[in-house]
Amino acid sequence: MRRMQAAQVWRCLWFLLTFFSVLSETHQLSPVFDLYPRTHLKMQVIEHPVERLHTALLSTRKDLIETYQQFSRPEKALLEEGLLPANSLFNPITIHSDSDWIPAHPEDPQDFQTFYVNPYRRSPSSGHNTIYIQTIGSFGEGAFVAEQYVEWLKDYCQAFYYGLVVKLLPPVTVASTACSFRINDNTHNLQLHAGELLNFLKKKKPRDAFCIVGITMIDLYPRESWNFVFGQASLTEGMGVFSFARYDDNFYQRSYAGRLKKKIKLKQGDYSVFENYYTPPITSTLLLRSCKTLTHEIGHIFGVKHCQWLNCVMQGSNHLEESDRRPLDLCPICLRKLQSAVGFKIADRYKALLHWIEDGAASNGQHSKPIQAFQEYKHWLYKCLRILDGEKS
């Protein structure tokens, strides 16, 4: 009896740790969409005092303050300008409804010092400095489009995590994962079991991997009692799996092409239902959302928690509207966290991201990179680089 009780307690603790420490907004249950009435409030602005932001960036520890002083003068100018009220680069966080992440999930903000002293945070090493991306199932119409889309994601990820290597593993079919699947009772689309996909990725993880992430255009669920998850991750194992299916603008419409038109009785192990299954068209908005999610989730694997300081790609989000409000890049505090783990020059990283956008603008042809949605980000990068070059914004 005691053994059974202990097992139950362990399962409960495991669930709570998984829910609050491992799962981020792309790992959330769907109550925001299906159960929570989204009450729109008068927009609230979260503005921290400059002194508090400054401490969150530098630290109170002498050694970490000394490490901060190793940044160049232009780098410190960029980081510290972002803390000032009404600066043109980093805006305060705004709360639009009671179902936004911060009111729905109260948590302590993570400053640089808290991040740095966390014994469980992960940093790349000489033998483990590669991010691997594993595609699961079909991506886009036609093999060439799928290859290009995934290549764009890989290149963006490599620019964002400048200094690390990002590699694509050979694509795999759903059948090769041997995972469970089902039809969602509400949206009538196919779903894959996220936890079983993680087990598959664990076996595929190369020895030199810093992390391995699986991406798919098929919806996910973590257990029978849950409606869906955008994704699921294990920080300790350095792996995660994420779906971009719900980033299709039409996903919640009855006309969504991924909804099964007739009742199908599924048979576990028979993956023929995934043959020619609908995948969203590759648009600029879908690419932007995918880049944002992929880099956000890998940020969690580094040990960066949800940002509550300033507008930042590491902010939590409970729904697509809130996710779309997040910027593509990091606030000064989260940027220092990443820089301490990877060791890049800030200007080199921004130049790599800018090159990714402008390389797309220079390409021509039927399958050129759709970078229309990235124009605001491009102008933002230019502003940052002007400061890093010694100019004023």
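Which residues does Tyr149 touch, not counting residues up to four places away in sequence? The close-ups below, drawn from a predicted model, begin with that residue.

**View 1. Tyr149 and its contacts.** Setting aside residues up to four places away in sequence, Tyr149 touches Phe139, Met217, Phe244, Ile282, Leu286, Leu287 and Ser290. Tyr149 belongs to the largest nonpolar core, which has 81 residues, and is listed with Tyr350 and Phe374 as touching the most other members. Helix 8 (residues 143-160) gives the most to this core, with 9 residues. Apart from this core lies another, of 27 residues, including Leu192 and Trp226.

View 2. Follow the strands in the order 4-3-7-10-9, and you will find mixed pairing. Strand 4 (165-168) and strand 9 (231-234) are at the edges with a single partner strand each, so one side of each has no neighbour in the sheet. On average, neighbouring strands are turned by 15 degrees against each other, direction ignored.

**View 3. Strand 3 beside strand 4.** Here strand 3 (residues 130-136) pairs with strand 4 in the parallel sense, over 4 bridges. Look for Ile131, which stands opposite Val166 in strand 4.

**View 4. Helix 10 on the sheet.** Helix 10 (residues 194-204) packs on the sheet and touches strand 3, strand 7 (209-216), strand 9 and strand 10 (239-243). The directions of helix 10 and strand 10 make about 135 degrees.

View 5. Helix 11 lies across strand 3, strand 7 and strand 10, at about 145 degrees to strand 7. Of its 18 residues, 17 are buried. Just after helix 11 comes Gly303, with a positive phi of about 100 degrees.

Definitions and conventions. Residues are numbered from 1 along each chain as its sequence is written. This is a predicted model: local features need pLDDT of at least 70, side-chain atom pairs count only at pLDDT 80 or more; totals for chains, interfaces and linings use all residues. Side-chain values use heavy atoms; hydrogens and water are left out. A nonpolar core is a set of buried Ala, Val, Leu, Ile, Met, Phe, Trp, Tyr and Cys residues joined through side-chain atoms within 4.5 Å. Buried means under 20% relative accessible area, exposed over 50%, partly exposed in between (1.4 Å probe, protein chains only). Helices (H or I, at least four residues) and strands (E, at least two) are DSSP runs, numbered from the N terminus. Contact means heavy atoms within 4.5 Å. Two strands pair if DSSP finds at least two bridges between them. Axes are lines fitted to C-alpha atoms, for helices over the stretch in contact, and angles run from 0 to 180 degrees between N-to-C directions.
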